[in-house]
Amino acid sequence: MSKTIYDMTESDLSGQLIGKSITAIAGKTMTLNDGTVLEFENAADCCAWFDATLESIDLNDNAITAVTRVGAKAAEDYDEAWSLHILSAHKLIAKVNIEGNASSGYYCHSILLNVKPAVA
C-alpha cells in the first residue's frame with residue numbers, strides 16, 4: 001500500500017533506504033532493488049514551500065548504509081537549503097537536494113515522500 005510521508009526528514013529517508021540499493025533515478029523518482037519507487041514531491045502550503053532535486057552520483061554496486069544531512073538553515077528570510085547524502089560503503093551514491101522557505105514556520109518544513117511498494 002502506498003503511503004505519503006509529510007515533511008520528510010533524513011531518518012524518514014533512512015528508514016526506506018538502509019540495506020537496499022538504488023537501481024535507477026529518473027526525474028524525481030528513485031527505484032530500489034526490491035521494486036519500491038520513492039517519489040520526491042515538492043510541497044507548498046500557504047506561503048511556505050520546499051523543492052527537491054535528485055542527483056545520481058555512482059549507482060554501481062551500491063548497498064545503502066547511511067543517509068546524512070549536509071547544510072543548514074540560512075538566517076536571512078527564512079530560506080533553507082540542505083542535501084541528504086545517500087552513502088554506500090563510504091562512497092556517495094546519490095543526493096536529495098532540498099531548498100525552500102518555511103515562512104512563519106507553521107506550514108511545511110520539507111518535501112513530501114511518496115512510497116510506492118513493488119507491485120506483485
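This is a predicted model: local features need pLDDT of at least 70, side-chain atom pairs count only at pLDDT 80 or more; totals for chains, interfaces and linings use all residues.
Local features need pLDDT of at least 70 and side-chain atom pairs count only at pLDDT 80 or more, while totals for chains, interfaces and linings use all residues. Residues are numbered from 1 along each chain as its sequence is written, and side-chain values use heavy atoms, leaving out hydrogens and water.

An open sheet is built from 5 antiparallel strands in the order E5-E6-E9-E8-E7 (strands, E, at least two residues, and helices, H or I, at least four, are DSSP runs numbered from the N terminus; two strands pair if DSSP finds at least two bridges between them). Strand E5 (43-45) and strand E7 (66-70) form the edges, each pairing on one side only. Strand E8 (residues 79-88) and strand E9 (residues 91-101) share 10 antiparallel bridges, and Ser88 stands opposite Lys91 in E9. Helix H1 (residues 10-17) packs on this sheet and touches E7, E8 and E9 (contact means heavy atoms within 4.5 Å).

The largest nonpolar core has 29 residues (buried Ala, Val, Leu, Ile, Met, Phe, Trp, Tyr and Cys joined through side-chain atoms within 4.5 Å; buried means under 20% relative accessible area, exposed over 50%, partly exposed in between, with a 1.4 Å probe and protein chains only). Leu13, Leu17, Met30, Leu38, Phe40, Ile86 and Val96 touch the most other members. Beyond four places in sequence, the contacts of Leu38 include Leu13, Leu17, Met30 and Leu113.

In the loop between H1 and strand E2 (22-26) lies Ser21, which counts as buried because its relative accessibility is 14%. Its contacts beyond four places in sequence include Thr31, Leu32 and Ile64.

Note on methods. Axes are lines fitted to C-alpha atoms, for helices over the stretch in contact, and angles run from 0 to 180 degrees between N-to-C directions.
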